Amino acid sequence: SSSIGVAQPVAVVACKRAAAAAGTTVNDLLMAAIGGGLRIYLKDSLPPHARMTAVMVINPRPQTSGDRGASHELLHSQEAISNDGCDVMTGFIPLEVGDVSSEDRLKATAANLRAKKLSPEFIISYQLLKALNCVCGPRGVTALFSRISRKFSTYVSNVVTPGPAVSFCGAKVTKLYYTTAPLDYGVSFNFIAYDGVITIACAGSPVVSDPQYMADCVRTALESMLCSTTA
């Protein structure tokens, strides 16, 4: 088992406002915060122009029209909150972890993510993985990912959740967060938006002995960007 770190939540509206002011997306903002957080955590061990690569979970399946805007009682409204699930694939994203300002880090991250979105890389990779699964089965896909994952340092995931707060057996769920095992990656980050706030979680690993400090570093970097973009 491994420990996890959970940073204090950040308001979704603040992230949307900052992203709009910078002409980017909330995803750009969060990915840039990871780069800044890694820079803070690793301090002087990173060279000024350091780069890292993150593996990001992507769902190529379009979202359904299921209503996530209303408040629901969990287990009692499965039909109302259900959807088609996801068809998970991964994308390889360069992270800006150099010694740069918050504004420059966000600009570089947004440019990197835009280039990836316009590239056919995701679709081609997705189709190749489907073909490999048909030929070799799940074991072939797992073996491929086990080999590829050794080349990358960071794992990032976000999960679609109910927007407003939900309840469980009549009791309001006040906090919601999750994390994933870092597997063969150096560090794993997870973001979840729930009840108006975004929560950052980080899983401990052999190379991250203090996941709470790591999560706090990412939040510190995010706060810096929120201040710089809305100043």
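Helices α1 and α6 sit oblique to each other, a label for whatever is left once angles under 35 degrees are called roughly parallel, over 145 roughly antiparallel and 65 to 115 roughly perpendicular. Bear in mind that this is a predicted model, where local features need pLDDT of at least 70, side-chain atom pairs count only at pLDDT 80 or more, and totals for chains, interfaces and linings use all residues. Numbering starts from 1 along each chain as its sequence is written, and side-chain values use heavy atoms, with hydrogens and water left out.

The overall picture goes like this. The protein has six helices and nine strands, taken as DSSP runs numbered from the N terminus (helices H or I, at least four residues; strands E, at least two). Of its 231 residues, 40% are buried, meaning under 20% relative accessible area, with exposed over 50% and partly exposed in between (1.4 Å probe, protein chains only). The surface comes to about 12500 Å², with carbon and sulfur atoms supplying 58% of that; the area is from the Shrake-Rupley method with a 1.4 Å probe. Among contacts (heavy atoms within 4.5 Å) with a separation of 6 or more, 73% link residues 24 or more positions apart.

Now for the two helix pairs, using axes fitted to C-alpha atoms over the stretch in contact and angles from 0 to 180 degrees between N-to-C directions.

| Pair | Crossing angle | Axis distance |
|---|---|---|
| α1 (residues 12–22) and α6 (residues 211–230) | about 55 degrees | 9 Å |
| α2 (residues 26–42) and α6 | roughly 125 degrees | within 7 Å |

Start with α1. Its side of the contact consists of Ala 14, Cys 15, Arg 17, Ala 18, Ala 21 and Ala 22, which meet Leu 222, Leu 226, Thr 229 and Thr 230 of α6. Sorted by type, the residues of this contact are seven nonpolar, two polar and one charged. Here Ala, Val, Leu, Ile, Met, Phe, Trp, Tyr, Cys and Pro go down as nonpolar, Asp, Glu, Lys and Arg as charged, and the others, Gly among them, as polar.

Residues in α2 including Leu 29, Ala 33, Gly 37 and Tyr 41 meet α6 residues, among them Tyr 213, Cys 217, Leu 222 and Leu 226. This contact of α2 with α6 splits into 16 nonpolar, three polar and no charged residues.

Ser 102 belongs to helix α4 (residues 102–118) and is buried, at 17% relative accessible area. Setting aside neighbours within four places in sequence, Ser 102 contacts Ser 224, Met 225 and Ser 228.

Leu 144 lies in helix α5 (residues 121–148) and is partly exposed, with 32% relative accessibility. Ignoring residues up to four places away in sequence, Leu 144 touches Leu 129 and Leu 132. Leu 144 and Leu 129 are 15 residues apart in sequence, with 9.4 Å from C-alpha to C-alpha.

Finally, have a look at Asp 195 in the loop between β8 (187–194) and β9 (197–203). Asp 195 has a phi near 55 degrees, a positive value in a residue other than glycine. Most residues other than glycine have a negative phi. Asp 195 is partly exposed, with a relative accessibility of 32%.
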